[in-house]
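Grab a pencil and open your viewer.

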Amino acid sequence: MNALEKEAVSARVQAAWAVLEQVQDPEIPVISLCDLGVVREVRESGALLEVVLTPTYSGCPATEVIAHDVKTALEAAQLGPVATVLQRAPAWTTDWISAKGKAALREYGIAPPGPVPLADAQPICITRRRQPPVPCPRCESTRTERIAPFGSTPCKALYRCLSCHEPFEHFKPI
Ligand SMILES: [Zn+2]
């Protein structure tokens, strides 16, 4: 491949990334799939544009919708033919949500996940660790309590703020 061809390849891939930046998560329509960390890679395989997707929570019913939305958006931008590839390992982690994505979640009223606690390589703590408080996305108070382990989707827990009394969802770190 000569330099000119290489440039043409990356232009199509770059255009695809620009389109994908605009494709929102079907469940949280304020965050793009790129900011959510679901789009892992865009590559060309012959004439085919391949988009590698790592679904958030396994069994998340939104996965099919996401693959469909990605394909539709890229084909509408005439960057097709497009194939989506599901890649489940390494597993998606909330650490892949970009800073911009976390800010968007907060504005939307969902408390974004903190960093994933305790990496596998670290020694196991015998004492029970206290979970850091989840601040209220509306008033930022840390006087909050968890009222249910699951919210509208399995990836979120339901909390209530003891200061402003508003319930809110917290995107659980995994
Ligand atoms: Zn509050």
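Predicted model: local features only at pLDDT ≥ 70, side-chain atom pairs only at ≥ 80, totals over all residues.

**Exercise 1. Work out which side of helix α4 faces inward, and what α4 packs against.**

Step 1: Pick out the buried residues. In α4, which spans residues 99–108, these are Gly101, Lys102, Ala104 and Leu105.

Step 2: Look down the axis. The four cover an arc of only 160 degrees, so they sit on the same side of α4.

Step 3: See what the buried residues pack against. Their partners are α2 (33–36), β4 (110–111) and β7 (167–171).

Step 4: Step just past the helix. Gly109 takes a positive phi of about 100 degrees there.

**Exercise 2. Find the salt-bridge partner of Arg12 and say what the pair ties together.**

Step 1: Count first. The structure holds six salt bridges.

Step 2: Find the partner. The side chain of Arg12 meets that of Glu44, at 2.5 Å from N to O.

Step 3: Arg12 belongs to helix α1 (residues 3–20) and Glu44 to strand β1 (residues 39–45), so the bridge ties together parts that are 32 residues apart in sequence.

Step 4: Check accessibility. Buried means under 20%. Arg12 has 16% relative accessibility, so Arg12 counts as buried, while Glu44, at 26%, counts as partly exposed.

**Exercise 3. Describe the salt bridge between Glu50 and Arg43, and the network it belongs to.**

Step 1: Take the distance. The closest N and O atoms of Glu50 and Arg43 are 2.9 Å apart.

Step 2: Compare the two ends. Glu50 is buried at 16% relative accessibility, whereas Arg43 is partly exposed at 29%.

Step 3: Widen the view. Glu41, Arg43 and Glu50 are linked in a network of salt bridges.

**Exercise 4. Which strands does the Arg160–Glu145 pair link?**

Step 1: Confirm the contact. The two side chains of Arg160 and Glu145 form a salt bridge, 2.5 Å from N to O.

Step 2: Assign the strands. Arg160 is in β6 (residues 156–161) and Glu145 in β5 (residues 144–148), with the pair 15 residues apart.

Conventions:
Residues numbered from 1 in each chain as written. Heavy atoms only, no water. Buried < 20%, exposed > 50% of the residue type's maximum accessible area, 1.4 Å probe, protein only. Helix = DSSP H or I, 4+ residues; strand = E, 2+ residues; numbered from the N terminus. Arc of directions from axis to C-beta. Contact = heavy atoms within 4.5 Å. Salt bridge = Lys/Arg side-chain N within 4 Å of Asp/Glu carboxyl O.
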